[in-house]
Amino acid sequence: MQTTILRRSTAPFALAAALLAAFLVLFAPLSASAHDDLISSSPAADSTVDVLPPEIVLTFSADLISGGNGTEVRVLDANENLVSNGDPMVEGATVTQPLLAEADSGLYRVQWRVVSSDGHPTSKEFTFTVTNSTMPTADPTPTATESASAPFASPTATATPTATPTLTAEDPADAASSPAWIWILVVLGILVIAAGITLAVILARRRRSASPAGSDDSAAR
């Protein structure tokens, strides 16, 4: 009887402990993963603006942890060119990122990364569209002036090529005025080589004609 009463008295405590463990297992991860999230932006996500604004402002659900390299905002145009200008500024739950003054029209992509108030980094991205470009355009007036003055510059341009070959081309008179002693040395060199070859042939023939007589004398001995 005592064993049954003891078992009945401990049953509520065991049930309460099981419910507490189940609560911790199910709800503790959800509370830990609840990082600060982006609640608004200017320009807004998926919106369309006339021109690229001078800065983009991101507002989060709680104050962020600033400092270091934890906060980063990258704004890319349709050609994946970076239009962010400088480092982002964090003030409480607001992040402000300056942008370039000159930018083209098209789709822009915003990539952000911050450190939440719980100390965990979080990052996402969104897009918006710019209708008009702020890129500088070429002035047509200098082009018209250059085309009008082109006929006057043409004679000068044609005169310059004719003068250039005269200065750089080889003059036949310079080749004809080479010193005569160079040719004399060339002729003498050819004669010396020819005489050397002739002398070598004569000596070789004499050696061949003298070798049989010398061999007969040695045989007779």
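Here's a quick tour of the salt bridges in this structure, plus one patch on its surface.

Okay, ground rules: this is a predicted model, where local features need pLDDT of at least 70 and side-chain atom pairs count only at pLDDT 80 or more, while totals for chains, interfaces and linings use all residues. Residues are numbered from 1 along each chain as its sequence is written, and side-chain values use heavy atoms, leaving out hydrogens and water.

So, how many salt bridges does a search of the whole structure find? It finds 4, a salt bridge being a side-chain nitrogen of Lys or Arg within 4 Å of a carboxyl oxygen of Asp or Glu.

Take Asp 37 and Lys 124, with their closest N and O atoms 3.4 Å apart. Asp 37 sits in the loop between helix H1 (2-32) and strand S1 (38-42) and Lys 124 in strand S8 (residues 121-130), so this pair ties together parts 87 residues apart in sequence. Helices (H or I, at least four residues) and strands (E, at least two) are DSSP runs, by the way, numbered from the N terminus.

Next up, Glu 80 and Arg 109, at 2.8 Å between the closest N and O atoms. Glu 80 is in the loop between S4 and strand S5 (89-91), Arg 109 is in strand S7, and they're 29 residues apart. Through shared partners, salt bridges join Glu 80, Arg 109 and Glu 125 into one network.

Then there's Arg 113 with Glu 72, a salt bridge at 3.3 Å, N to O. Here strand S7 (residues 106-115) is linked to strand S4 (residues 72-76), with the two residues 41 apart.
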